[in-house]
Amino acid sequence: MSADCIFCKIVDGSIPAKRIYEDDDVIAFHDINPSARVHFLIVPKLHIESLASCEAHDQALLGKMLLLAPKLAKEQGLAGFKTLINTGKDGGQLVFHIHVHVLGGGNVPLTV
Ligand code: AMP
Ligand code: ZN
């Protein structure tokens, strides 16, 4: 848990979010400012800053997050989808708690 992190606050429930999935390691919730008809984020409960700060011991967690994307996309009614991970300021990352964007349902942008 990082005190000033908005996604840690969503994980601990102190900030509300439209959750679509939760288990011991991961939560998923709709993006507050969707860039497509369906736009949700897959977020580890552990505070990891970005893909660039992941290490070998994060491999299983990263795999779990990616494997959740098709499962949750299907549940959201998507036949296809885009996944996106922004990494670092120069990579367009705004929230420094790693997350996978999943977008679909028409008008899917190249970037978010
Ligand atoms: P990124 O640029 O990859 O760091 O994306 C951060 C994403 O988090 C943006 O798409 C925001 O709209 C989204 N976001 C920020 N605050 C919230 C929140 N409270 N609930 C849901 N999504 C959020
Ligand atoms: Zn965090």
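Q: Is Leu62 buried, exposed or partly exposed, and what is its relative accessible area?
A: Buried means under 20% relative accessible area, exposed means over 50%, and partly exposed lies in between, with a 1.4 Å probe and protein chains only. Leu62 belongs to helix H2, residues 59–75; helices are DSSP runs of H or I with at least four residues, strands are runs of E with at least two, and both are numbered from the N terminus. Leu62 is partly exposed, because its relative accessible area is 23%.

Q: What pLDDT do local features need in this predicted model?
A: Residues are numbered from 1 along each chain as its sequence is written, chains are lettered from A and ligands numbered from 1 in the order in which they are written, and side-chain values use heavy atoms, with hydrogens and water left out. The model is predicted: side-chain atom pairs count only at pLDDT 80 or more, totals for chains, interfaces and linings use all residues, and local features need a pLDDT of at least 70.

Q: Which residues are the protein donors of the zinc ion (ligand 2)?
A: Donors are N, O and S atoms within 2.8 Å of the metal (3.2 Å for Na, K and Ca); water is not among the atoms, so sites may look incomplete. The protein donors lie 2.0 to 2.3 Å from the zinc ion, and their residues follow the spacing C-x2-C-x38-H-x49-H in sequence. They are Cys5 (SG), Cys8 (SG), His47 (ND1) and His97 (ND1).

Q: What is the arrangement of the four donor atoms around the zinc ion (ligand 2)?
A: Four donors count as tetrahedral if all angles lie between 85 and 135 degrees. Here the donor atoms subtend angles of 104 to 117°, and the arrangement is therefore tetrahedral.

Q: How many residues apart in sequence are the parts that Cys5 and His97 tie together?
A: Both Cys5 and His97 are buried. Cys5 lies in the segment before helix H1 (6–11), whereas His97 is in the loop between strand S4 (82–84) and strand S5 (100–104), so the pair ties together parts whose separation in sequence is 92 residues.

Q: Which residues come nearest to ligand 1?
A: A residue is near a molecule if one of its heavy atoms lies within 4 Å of it. There are 16 residues around ligand 1, and those that come nearest are Asp31, Leu94, Val95, His99 and His101.

Q: What share of the area that ligand 1 exposes when taken alone does the protein bury?
A: A polar contact is a pair of N or O atoms within 3.5 Å; within protein, one must be able to donate a hydrogen and the other to accept it, and residues adjacent in sequence count only if both atoms are side-chain atoms. Oxygen atoms of ligand 1 lie 2.5 Å from a polar side-chain atom of Asp31 and 2.8 Å from a side-chain N or O atom of His99, while a nitrogen atom of ligand 1 is 3.1 Å from a polar backbone atom of Ile32. Accessible areas come from the Shrake-Rupley method with a 1.4 Å probe, and for residues only the protein chains shown count as cover. Taken alone, ligand 1 exposes 510 Å², of which the protein buries 88%.

Q: Why is the pair of Phe7 and Phe29 classed as it is?
A: Rings of Phe, Tyr and Trp (its six-membered ring) pair if their centres lie within 6.5 Å; planes under 30 degrees apart count as stacked, over 60 as edge-to-face and the rest as tilted. The count comes to one aromatic pair. For Phe7 and Phe29 the ring centres are 5.4 Å apart and the planes stand at 75°, so the class is edge-to-face.

Q: How many residues apart are Phe7 and Phe29, which link distant parts of the chain?
A: Phe7 is buried at a relative accessible area of 7%, and Phe29 is buried at 3%. Phe7 is in helix H1 and Phe29 in strand S2 (residues 26–30), a separation of 22 residues.

Q: Which residue's backbone oxygen lies 3.1 Å from a polar side-chain atom of Asn86?
A: Asn86 is placed in the loop between S4 and S5, and its relative accessibility of 11% makes it buried. The backbone oxygen at 3.1 Å belongs to Val112.

Q: With which side chain does the side chain of Asp23 make a polar contact?
A: Asp23 sits in the loop between strand S1 (19–22) and S2, and is buried with a relative accessible area of 16%. Its side chain makes a polar contact, at 2.7 Å, with that of Tyr21.

Q: What is the phi of Asn107?
A: Asn107 lies in the segment after S5 and is exposed, with a relative accessible area of 75%. Although Asn107 is not a glycine, its phi is positive, at about 50°.

Terms used: Four donors count as tetrahedral if all angles lie between 85 and 135 degrees; four count as square planar and six as octahedral if opposite donors are over 155 degrees apart and all others between 65 and 115; anything else is irregular.
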